[in-house]
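Subject: Structure handover

Hi,

Here is the structure I said I'd pass on to you. Have a look at it first, and then read on for what turned up.

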Amino acid sequence: MALSIGVRKRSGPFEMSKRAVFYLILIGYTVMSTIPFIWSGLTSFKSQPEAAQTPPTGIPINATLDAWKTVLGFNSSISGINVDFLQYFKNSLIVALLVMAGNLFFDSLAGYAFARMRFPGRNFLFYLIIGTLMIPAAMTIIPVFVILAKVPGFLGGPWLGTYEGLTVPFMVTAFGIFLMRQFFMSLPVELEEAGRMDGLTRFGMYWKIALPLARPALATLAILQFQGSWDSFLMPSFITQSNPSLYTLPVGLAQFSFNYLNYWPDIMAGAMVVILPILVVYVFAQRYFVEGLSRTGLKG
Amino acid sequence: MAAQSGLPLAYPHGRPRVGRVRGYFRQFHKEDVVMGYLFLLIPMAIFILFFFVAMVFDLWISIQQWAIIDTPKFVGSTNYNYIFNIDPVFWIAVKNSIEYALVVVPLQTLLAFTLAVIVNQNIRGKKFFRTAFYFPSVTSSVAITLLFMWLFNNNGLVNYVLSLVHLGPIGPFGTVGFLTDPNLALKSIIGLNTWTTSGTYMIIFLAALQDVPRDMYEAAAIDGANAWQAIRKITIPLIRPATFLIVATGLIGAIQMFDQAFVMSQGNPGSPDNSTLTMVLYIYGTGIQGNQYGRAAAASFVMFCIIFVATLLVRRLIREEAAF
């Protein structure tokens, strides 16, 4: 502090006097960003007539759980709406956990090989993978659909409308391999060499030494993959179109909103079922969300 | 040819070929090679099948007439001819996607940068603001689109507030058809996605801003530079790799916009009046829903080319590559 006498302590190029304007912008933007969530959350506790009335009510006057009961499938005899968000929730959870586990294992396996082993074609393969980060994923919609439709019987195919189809194509990602390789390269190699002295195999060095040390990177990867899979819509929507019992939450929610256009309280309750789990994960693991993004190659 | 370079030559007649090959392989340990390939076996198999094979397969499908259940029939350039010259809807989709991307990318980049600069100041509640601004980016696109529709529909909260303050053009029902007016629908999606995407890019900008050395700002302040000059002369040049990444990935993502347009058109892709029909929506409708896989594959290849050219242009424009 003593050294900075004469130079005003500041963290960026702006002066203190402009702080007030900043706070105004920040608070304004915060209000704008939170109102849609709050308003929709409140709507999910309204009856349909109340949600439609003008002027709109803020806090529900006659709060009801009907919309929630409907989307969770407890109300189908009364509402006549047959929809089961609990089933979609289960599907989404299974798919997200499998995709997450697949990425943790396969991305770290590949990342370890790229970071620690020397073999012909290593750099070529690595840059091939990194190059795909700049290629549009949507180009693979049609071929992936066809490939899944044509998976041969000995692999349990076709994979359209199955858990395999929803998970296997997404179990390896270029970003995950890149993230894990960078992390393994930052670890001191001596620890693994000591392991080799103790008679560990290559796989043992990866599994017993490198992987436990890579926990921070694995946590980041796990969070990003879980969230990505949970929110994913385009691919799951065509993979499950032949089998509605495998709808994931976003697919089920979209279909529900198409079938019941003006059932806003119910649609909002459904949207909350999709949003709330991620909100919980986000609140507890925000650090890893931010970490993952901050590592998107900028600090290479 | 090496002799023409004028540099001293270690091998005046070229490196002995055999020795070079043997030397190349000598650097590898047998165990590393075997285990390296074994480690990569399954990850690469999945990656190659669902990415590289898929891309080549897409090209192959694009020259077939195929409904998957029948046998593919080679038709040459017929599918390309169809989407370019016969189906007017394809060009609408191309136009919409490009128009959308050209507006949304500058908007979200600017907003993200502004938010990042502000959040990076020494202010109270920094963490809270970061959390609040980033959250829309991690929520499901389908859910957030429905939230948006609930607020912006003809009887929604936004129209109610507008009616209170007597603002906005008066439409047929005295309301603004954010979602139903063909002139507004795509703009509404632009607004929605600028809001949801900028949170992600704010975080990336923030990471880059934190790497800018503090004393550079202090030196600039001593030299009498104002805040705006400091941002232009110090911040923007130093965070150029981040800007490239953000603009490039933003563009790639924007040209592929699908979820929001699909949900907003409520099972009636492109509505109102094809005004929200994007390229991916066209691919989805033609292929998966219309069983014309050849045409859909051709359209995806065209989209790939557009994105490829767009990325090259961005690289030219920003002229600095990201670390990868």
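Met35(B) is buried, because 21 other C-beta atoms lie within 10 Å of its own and the cut-off for buried is 20 or more. Bear in mind that all of this comes from a predicted model. Met35(B) sits in helix α2 of chain B. If you leave out residues up to four places away in sequence, Met35(B) touches Met117(A) and Arg202(A). For a sense of scale, Met35(B) and Gly287(B) are 252 residues apart in sequence, and their C-alpha atoms are 41 Å apart in space.

Val33(B) is also worth a click, and helix α2 of chain B is where you'll find it. Val33(B) has 17 other C-beta atoms within 10 Å, so it counts as partly exposed. With residues up to four places away in sequence set aside, Val33(B) touches Phe119(A) and Phe28(B).

On to the interface. In total, 88 residues of chain B are in contact with 87 residues of chain A. Which helix gives the largest share of the chain B side? That is helix α2 (residues 30–61) of chain B, with 21 residues. Sorted by class, the side of chain B that touches chain A has 65 nonpolar residues, 18 polar ones and five charged ones.

Next, two helix pairs, one in each chain. Two packed helices are described by the angle between their axes and by the distance between those axes.

In chain A, helix α1 (residues 19–43) packs against helix α15 (residues 264–294) at an angle of about 120 degrees, and their axes are 8 Å apart. That angle makes α1(A) oblique to α15(A). The crossing of α1(A) past α15(A) is left-handed. On the α1(A) side the residues are Ser40(A), Gly41(A) and Thr43(A), and they meet Trp264(A), Pro265(A), Met268(A), Ala271(A) and Met272(A) in α15(A). By class, this contact of α1(A) with α15(A) has five nonpolar residues, three polar and no charged.

In chain B, the pair is helix α8 (residues 185–210) and helix α11 (residues 240–255), packed at an angle of about 165 degrees with their axes 9 Å apart. Such an angle is over 145 degrees, so α8(B) is roughly antiparallel to α11(B). Here the crossing of α8(B) past α11(B) is right-handed. Tyr201(B), Ile204(B), Phe205(B) and Ala208(B) make the contact from α8(B), while Ala242(B), Leu245(B), Ile246(B) and Gly250(B) make it from α11(B). The contact of α8(B) with α11(B) divides into seven nonpolar residues, one polar and no charged.

As for chain B overall, its secondary structure comes to 14 helices and two strands. Of the 324 residues in chain B, 45% are buried. Among contacts in chain B with a separation of 6 or more, 70% are between residues 24 or more positions apart.

Finally, the confidence numbers. The model scores ipTM 0.90 and pTM 0.89. Chain B has a mean pLDDT of 86, and 88% of its residues reach 70 or more. Where does the pLDDT of chain B fall below 50? That happens over residues 1–12, a stretch with three contacts in the model beyond near neighbours in sequence.

Cheers

Terms used:
Residues are numbered from 1 along each chain as its sequence is written. Chains are lettered from A and ligands numbered from 1 in the order in which they are written. This is a predicted model: local features need pLDDT of at least 70, side-chain atom pairs count only at pLDDT 80 or more; totals for chains, interfaces and linings use all residues. Two residues are in contact if their C-beta atoms, placed from the backbone, lie within 7 Å. Helices (H or I, at least four residues) and strands (E, at least two) are DSSP runs, numbered from the N terminus. Ala, Val, Leu, Ile, Met, Phe, Trp, Tyr, Cys and Pro count as nonpolar, Asp, Glu, Lys and Arg as charged, and the others, Gly among them, as polar. A residue is buried if 20 or more other C-beta atoms lie within 10 Å of its own, exposed if 12 or fewer, and partly exposed in between; C-beta atoms are placed from the backbone. Axes are lines fitted to C-alpha atoms, for helices over the stretch in contact, and angles run from 0 to 180 degrees between N-to-C directions. Angles under 35 degrees count as roughly parallel, over 145 as roughly antiparallel, 65 to 115 as roughly perpendicular and the rest as oblique. A crossing is left-handed if the near helix is turned anticlockwise from the far one by less than a right angle, and right-handed if clockwise. pLDDT is the predictor's confidence in each residue, from 0 to 100.
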